[in-house]
Amino acid sequence: MQAARDRVDDSQPQADQQALHKEVTTARGALLTLMDEIQKLFVGQEEVVRSVVIGLLAQGNILLEGAPGLGKTLLVRVLSECVSLSFSRIQFTPDLMPADITGTQALVKTDNGHADLVFRPGPIFANIVLADEINRATPKTQSALLEAMQEHAVTVGGERRPLQEPFFVLATQNPLEMEGTYPLPEAQLDRFLFKVDVGFPSLKVLREIGELTTGATLPEVTTVMSASDLVGFQGLVRRIVCAPHLTDYAARLTVATHPESPGSPEVIRRFVKHGASPRAVQALMLGGRAEALLSGRLWVSTEDIRKVAHHVLRHRMILGFEAELEGITRDALVDGVLEATALPSKPH
Amino acid sequence: MERPLRKQLARWSQSYNRRRLVETAFSCAGWLVTSAAWLAVSFEAGVPPHLLVSIAIGLGLACLAGAGWWYWRRRIDRLQMAAKVDRAFGLKDLLTTALAVDNGTARVDPVVGTAVIDQAVQLSDRLDPVSIGPFCWPKWSPLIASASASLAIIFVVLAGSSHPMWPPPAIASMTGDEEASEASRSAQATDPPLSQESVEALRWDLERLERLRERMAADRVARELADRISGSIRSVTGPTGNASQRIGALSAAERHLQELSRRGGGDGSLMDEGGLALASHEELIEALRQSISQGDAFSAAELVAELARRTADSDRGELAGLGAAVLRSEPEITESVEPYDNPTMSGEERQAANQQLTSAGREMSAANRGGALSELTRLMEQLEQQADQNANPSRQVVEQALYDVRQAREEQLHALNQSRESRQQALSQAQQRSLGERRNTNPRSGQMGMDRQQERNRPADSCATEGQQGVACSGQQSGESSRLGLQARQGDRSDGRQVMEIWGPWGTGGVNRGPGQGPTPRPWEGLLPPFEMPSAQWIESQWETGHQGLIEMIEGASHGERSALRYQEVLFNYSSLAESVARQEEIPLTRRRYIQRYFEAIRP
């Protein structure tokens with residue numbers, strides 16, 4: 001009887017582990033399929049797609065920066081179609097008001113002839129919100145997104161209204177149009193998990209885009225994942241193990257972006273005014289965990305953290321005047337940080 | 001009870017630290033020996049003993065403390081060992097993470113934590129860290145090392161203190177040229193060179209091994225072995241190094257060649273699957289291209305099999321990356337089989353294989369896994385078919401190199417032994433000569449010694465002095481005389497004294513025998529060459545032993561007359577003779593310098 005009970009006790013953890021492995025395999029398969037589906041239409045930008053999927057898994061918001069016509073809006077639209085999430089698009093313009101985003105209370109006549117204040121939700125009440133050309137709206141309007149991005153809730157008329165989960169803001173901005181644009185405030189930039197640069201595609205990819213989009217029919221994308229699946233995967237990401245020495249590595253990377261820190265490299269001390277906030281550590285660890293899941297692993301590696309470091313750190317450093325004068329790119333600064341920071345548990 | 005992962009890592013780190021301990025023990029021994037040498041020099045220089053004792057204690061403690069600190073700095077714990085193994089095997093921090101979970105320092109979901117630990121344990125059972133470094137040293141190695149180091153210290157100190165010439169301060173006073181000449185002389189004395197045939201054979205093997213390394217570049221261990229072999233052979237064929245170093249390098253090359261030959265099991269391969277699995281895509285494909293372009297179907301088939309495995313296992317992104325890597329690699333198609341030896345593929349076959357690989361790469365880039373696998377399978381079958389029809393060229397290269405290395409090593413050993421034997425013989429002859437000189441009790445032996453050395457340089461001048469030597473060492477006289485082309489005769493004079501006369505071929509100074517201050521000429525005088533030198537320079541001598549001979553009196557001035565020989569000529573003859581002797585004989589370095597200075601001082 002006791003032996004039988006022991007066998008049951010032993011078999012339970014094994015069953016849990018098998019279920020876990022199955023869950024990870026399923027999640028990886030679904031996420032890779034999602035990436036494949038997106039790339040049917042958004043061709044040649046695998047790194048961008050991967051970053052967006054990682055951001056989605058890490059429950060973070062993403063800022064996409066790139067020249068016009070590179071398919072940023074298309075990417076977000078295709079993503080919402082593939083994941084079966086509600087999607088809304090807000091085209092930011094200088095005259096856009098905060099209430100246009102969050103919603104407003106309107107006087108509505110009730111059946112008994114009285115007028116009552118009724119809340120009309122704005123486009124922010126969706127799973128995926130595309131904030132298109134976010135730097136064209138005024139800082140006041142941009143700030144309307146702050147609470148939504150951080151707290152996943154908005155406060156209108158003194159009442160706090162939670163947003164539906166999963167909630168995900170994808171903002172795009174165009175680095176070229178300086179006239180009539182308002183650079184995002186640092187507080188808002190910090191709330192973006194990643195800033196992803198969408199580069200110009202290669203000649204081969206351009207040919208593919210031409211062939212793909214000018215034919216009689218466009219490739220159709222199918223829904224490969226439900227909202228509940230995505231929420232499950234997001235939960236799984238947070239269960240991925242991040243060892244203490246890797247947490248320490250993420251913290252050291254963040255500290256190294258501060259010019260006053262003793263371990264910061266020369267380029268940081270010279271060109272950076274302010275370093276990354278503690279949100280960078282969270283972003284590095286969450287991004288690393290999502291990257292690990294996407295690779296089918298249950299643990300985070302140094303490589304995972306280094307892979308997401310550019311996306312996490314590049315928009316969190318405030319550069320000094322000298323950096324602009326000498327044309328120092330943010331990616332070069334992140335490279336300097338990665339090079340100067342010792343790898344975790346480096347043996348003698 | 002310790003858990004399996006921690007136990008495994010503890011075992012690895014302990015054995016790694018053991019190696020560090022051995023290194024430290026030997027380093028400490030080296031420091032102690034150096035300190036002892038310095039103390040001995042100080043003792044010779046007259047530093048008071050009580051001061052030396054204090055310094056010795058201080059140095060000993062400093063050495064031990066330094067060794068302890070050095071070891072402490074270099075030893076590694078479990079976490080560092082886990083990180084080392086993670087990096088070496090590309091495990092992406094699995095062991096470090098699992099160890100943190102196992103130690104309870106990471107806050108994790110218990111199910112996930114257990115899964116990570118289980119995976120790490122399973123993987124660590126299959127790993128062999130010895131393949132990436134000298135990890136596993138037996139438990140008793142530090143004891144043996146410490147004992148050996150202690151013995152070395154005792155031996156050096158005892159041997160050094162009992163040697164009369166130790167410490168020789170003269171080395172420091174040598175000029176650069178003298179040191180170079182000394183080194184060259186020592187090297188020539190004990191350094192028989194490797195024959196030209198062996199050097200040529202090894203160079204040829206080296207070229208073939210370089211090409212083999214390119215084909216095996218995907219297997220890290222095989223590549224490192226090939227590098228070590230090449231390094232050893234290169235040091236043998238290079239211009240520097242002595243015979244002992246060459247033998248050492250050849251032994252190392254032989255050992256590594258045997259190790260390389262044993263790899264890959266019994267299927268004739270030099271690479272193994274574990275090694276290939278750790279290679280990057282680029283390394284794998286570069287090695288494959290090299291194998292095809294060098295016509296090695298064996299290696300190419302193995303590499304294609306690994307590529308096919310990766311193609312089957314990769315996701316879409318990785319597949320595209322793999323395809324891009326294949327397409328990026330430039331195929332080297334050569335129509336001729338030259339310069340590669342024993343190709344198993346013709347030029348056309350190599351071209352076809354390269355094209356097939358490129359088309360597989362295109363399929364991979366298009367994310368068509370099935371198409372890529374089909375291309376790779378066909379390529380693999382063709383390569384295997386070509387391989388079956390021929391001998392394995394990689395193994396041939398290794399076997400030939402092994403044979404040549406063994407031959408060269410044996411040849412070098414034989415030459416070194418011969419050289420040592422001949423040196424030993426020369427040394428014993430010199431000792432016998434020295435013994436003979438000591439037996440000679442003539443008060444003018446210094447003068448005679450100089451004369452003998454001069455006559456070695458100028459055999460025609462040396463009749464009289466050789467005669468004297470012959471008188472002194474009658475047992476060796478005839479042999480030495482005949483070697484110099486001289487003849488000797490012994491006879492009795494009318495007054496009862498014995499006389500020995502020596503003569504030989506005519507030289508610049510003349511073979512002289514004259515009446516001098518001696519008695520009347522001997523009856524065999526007519527056999528000798530004409531006498532040209534002033535008679536006053538030749539005298540018949542009477543030794544205390546009762547022997548008699550002829551002596552050339554060079555220092556005519558001592559007799560109140562001017563010498564017929566010019567001073568410069570005498571100086572040149574003597575100085576060159578003395579320097580020549582100083583170079584050839586085992587004379588302490590400082591004494592050599594004295595001889596040189598003496599002749600510099602008396603130069604007009």
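**The open sheet of chain A**

In chain A, five strands build an open sheet with parallel pairing, in the order β2-β5-β8-β1-β9. The model is a predicted one, in which local features need pLDDT of at least 70 and side-chain atom pairs count only at pLDDT 80 or more, while totals for chains, interfaces and linings use all residues. Residues are numbered from 1 along each chain as its sequence is written, and chains are lettered from A and ligands numbered from 1 in the order in which they are written.

Strands (E, at least two residues) and helices (H or I, at least four) are DSSP runs numbered from the N terminus, and two strands pair if DSSP finds at least two bridges between them. In general, strands of a sheet pair through backbone hydrogen bonds, either parallel or antiparallel.

The edges of the sheet are β2 (87-91) and β9 (192-198) of chain A, each of which pairs on one side only. From one strand to the next, the twist averages 20°; for such angles, axes are lines fitted to C-alpha atoms, for helices over the stretch in contact, and the values run from 0 to 180 degrees between N-to-C directions.

Within the sheet, β1 (residues 61-66) of chain A is joined to β8 (residues 168-173) of chain A by four bridges in the parallel sense. One residue pair can be named here: A:I62 has A:L170 in β8(A) as its bridge partner.

A helix covers part of this sheet. Helix α2 (residues 46-57) of chain A lies across β1, β8 and β9 of chain A, and its direction is at about 170° to β9(A).

Chain A also has a hairpin, formed by β3(A) and β4(A), with five residues between the strands. Strand β3 (residues 103-109) of chain A pairs with β4(A) over seven bridges in the antiparallel sense. Across this pairing, A:Q105 stands opposite A:F119 of β4(A). A:G113 in the hairpin takes a positive phi near 90°.

Why does strand β4 (residues 115-121) of chain A lie largely in the open? Of its seven residues, the number buried is zero, so β4(A) lies largely in the open. Here a residue is buried if 20 or more other C-beta atoms lie within 10 Å of its own, exposed if 12 or fewer, and partly exposed in between, with C-beta atoms placed from the backbone.

Methods
Contact = placed C-beta atoms within 7 Å.
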